[in-house]
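Please look at the sequence and the structure below, and then follow the report through its strands and helices.

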Amino acid sequence: MSENNKSKKSGGNMGRSGGPMGSFASGPVVKAKDFKGTLKRLVGYLKPQRTNFILVFIFAIISTIFTIVGPKISAKAIDKLVEGIMNKYTLIGLHAQQEKIATLVKANPAAAKSPKVVAGLAQIKAGISKVMNVNSGKIDFTYILNIIVLLIGLYLVSTIFGFLQQYIMAGVAQKTVYNLRRDVDEKLSRLPLKFFDARTHGEILSRVTNDVDNISTTLQQSLTQLITSFVTIVGIIVMMLTISPIMTLVVILTLPLYIFVTAFVAKRSQKYFAAQQKEIGEINGHVEEMYTGHKIVKSFGHEKDSIQVFRNINDRLYVAGWKAQFISGIIMPLMRFVSNLGYVVVCIVGGLLATQGKVSIGDIQAFIQYSNQFTQPIVQTANIANIIQSTVASAERIFELLDEVEELPESVDGKLIEFPKGEVKFENVDFSYKTEEPLIKNMNIDVKQGHTIAIVGPTGAGKTTLVNLLMRFYEIDAGKITVDGVDIRDMKRAQLRNMFGMVLQDTWLYNGTIMENIAYGRKGATEEETMQAARAAHAHHFIKTLPDGYNTILNEEASNISQGQKQLLTIARAILANPTIMILDEATSSVDSRTEVYIQRAMSELMQNRTSFVIAHRLSTIKDAELILVMNKGSIIEMGNHDELIAKKGFYEDLYNSQFSGANLDNEVV
C-alpha cells in the first residue's frame, strides 16, 4: 500500500460522523498532547476579532434570555385563561345556589327570615360580586392577546439577535481560519525540501485541509452552541427556581441518570465507531489503489481477488457500522425514558403543590417546558466538549507545522547577477541528510560557461542531491557553491532559482490547455513565443495533430497524451523560460527509442550555449558531455570526458559496459 494511502487511512477518524448524538457517542476522540497550551495559542488567533466575538457572546445571551423567559410569560396567559374558566364555573355554581334558596323561600316564605338563609344569600351575593369584579366574570381575552403579542415580539427579537450572532460569528470564524490558512501557506513556502521529503503528501494535505476545516466548523457552529447552551442551562435553572425550588431539585436529581445513560452507551459504542473508521480507511485505501492500478490488476487477472478483498472489508464495515449506529441510536430512547420519568415526578409534585396553592397551573406548564429544555443543552455541552478536544488536536497538528524549522533566512541585501554566464563551482562541499551519516565529502567541481556536465552513478549515489544543493533546496554543511563567483548563500533563493530551468523524469503538467502548460515557463509569454518554444522542442507537430491543437485540455494526470509527448512539453516550457543553467534529470529514461530521438534533439536545442547538468542512466546519451562526474556513495570517484573515463577502465567503464554487454557489478566501489 502506498504511503499516501496510509496517510489517508490514518486521517480517517478526523471527521464528525457518529450516531444521533454526534461526536458524543462516536469513536474515540483525538486528544491534544498539550491541550492548554494549544488552546491558548488558538485563542490568540481570535484576538484580532475580540470585539466581534464579544458582540457574538452578548447577542447569544440576549437571544437565549428572550427565548427562556417565554414559558414564564406564557404561564401568565394560561393562568388568566384558567382563572376566567374557573370564574365562569364559580358564577354558574353561585347562581344555582341562589336559585335553590329562592325556590326554598318560595315554598316556605317563613324561611326567608331564617339567619342561616340570610347568611347564605349574603355569602352568595358577595361571591357573585367578587367574581363580577374580575372582568365581569368572563375570560380576559384582551390580556391573553397582549401576552401572545408580547411572546411573538420576544421570539422575534430572539430570532433577530440569533441571526446577528450567526452572521457576526461567520465573519469571525472565516477571518480567523483565513489568517490560519495564510500562515500555513506562507510557512509551507519557507520550509526546506527535506520537510516534504520526510512526509507523505497526504499527511501534509490533511493538516492544510482537514485540520483547518475542523477548526472552521467548530468556530462557526460549536462555539456559538457552547455559549447558548451554557446560558440556557444557567437561565433555565434560575427560572425554575423562581417557580419552585422543590420541583427544581426533582429535575436536578435526574441528571445522574442522564450521565449514566450517555456514559453507558458511549463506552460500548466507542469501540465499534473506532472499528468503523478503521474499515472506512481500509476501504478507501483499497478502492484508490485498485483504481489507480486498474490496468495492472486487469493485466495480471486479479479482478476477482480485488473484488473479494473489497467484499471482505465491506462486510466488516457493515457489521461495525451497524453495531455502532444501533448502539448509539438507543441513546435517544433511553434519554426520552429518563425525561418521561422526570415529567411524571414533576407532574405529581406540581399537582400536590397546586392543590396547596403554592404554584399555579400556568407555572406547572412553564416548569414542564423548562425541564424539557434543560436536558438538550446539557447533552449539547457534553457533545461540544468532545468536539473541542478534537479541534484542539487539529490545531496542535497545524501549530506543529507552523513550528517546523524553516530554511535559513535570506540574505538582507541579496546579491544580484544582472547578466549571468552560468559558471558553477563547488569548493570543498560537505553534506549529509543525517549528521551521523555523511553523504557528500569534500566535493570540488569547476564548471565553465556553456559546458555540459553529466552526472552518472548507481541509485543513491547522490546525483539528484547535487542538483538540490545547487538550487539551495538543501543547505550544505561545509564549503561553498558559487555561480559566476557569487556564493549562492549571498543571493535570494528566488533570484538564484530564476537562473535555472529543469526537465525532470517525472513530468509535471497541470489541468489546463497545452498552451497554458508551456506558457507556465515564463510569465507574460505571447502565443507566438509559446509556439516557437514548442517548435524548438520538436513538439509542434504532434500538438497540431491533436483535435484541439494548442487548446487541447490536459486532464488531471495528463493521461490523454503519451509520456514522451509530456516530456516534449516540459522541454518546450524550459526553452520558453530561457534559463542560464539547465538541469535535466533522467529526462529520457521512460520513453521509447524513437521518442528519445526527438527528445534528444529538443534537449540539444535547449542546452545550446547553456551550462547544463545532465543526470542520466543511459550513458549513451551523454557521450558528448565536456565533463562526466561519476558518483558513488556521495563522492565523485571519477571525472573526465567519455573517452578519458573509458581509458581508465574503472567504475565508469563497468557502468557503460553493463548497459551493452550485460551487468558487471563485481568491481563496484564500496
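## Two paired strands

In this predicted model, strand E3 (residues 452-456) and strand E11 (residues 627-632) run parallel and are joined by 4 bridges, where strands count as paired if DSSP finds at least two bridges between them. Within this pair, alanine 454 stands opposite isoleucine 628 in E11. Strands (E, at least two residues) and helices (H or I, at least four) are DSSP runs, numbered from the N terminus.

## The sheet and its helices

The open sheet has 6 strands in the order E6-E9-E10-E3-E11-E12, and their pairing is mixed. Strand E6 (500-504) and strand E12 (635-640) are the edge strands, each of which pairs on one side only, and from one strand to the next the twist averages 20°.

Helix H14 (residues 463-470) lies across E3, E6, strand E9 (581-585), strand E10 (611-615) and E11, running at about 145° to E10; such angles run from 0 to 180 degrees between N-to-C directions, with axes fitted to C-alpha atoms, for helices over the stretch in contact.

## A pair of helices

The axes of helix H8 (residues 245-253) and helix H12 (residues 331-355) come within 10 Å and cross at roughly 170°. H8 is therefore roughly antiparallel to H12, a term for angles over 145 degrees. Ile246, Met247, Val250 and Val251 in H8 meet Val345, Val346, Val349, Gly350 and Leu353 in H12, contact meaning heavy atoms within 4.5 Å.

## Basis of the values

Residues are numbered from 1 along each chain as its sequence is written, and side-chain values use heavy atoms, leaving out hydrogens and water. Local features need pLDDT of at least 70, and side-chain atom pairs count only at pLDDT 80 or more, whereas totals for chains, interfaces and linings use all residues.

Methods. Parallel < 35°, antiparallel > 145°, perpendicular 65-115°, else oblique.
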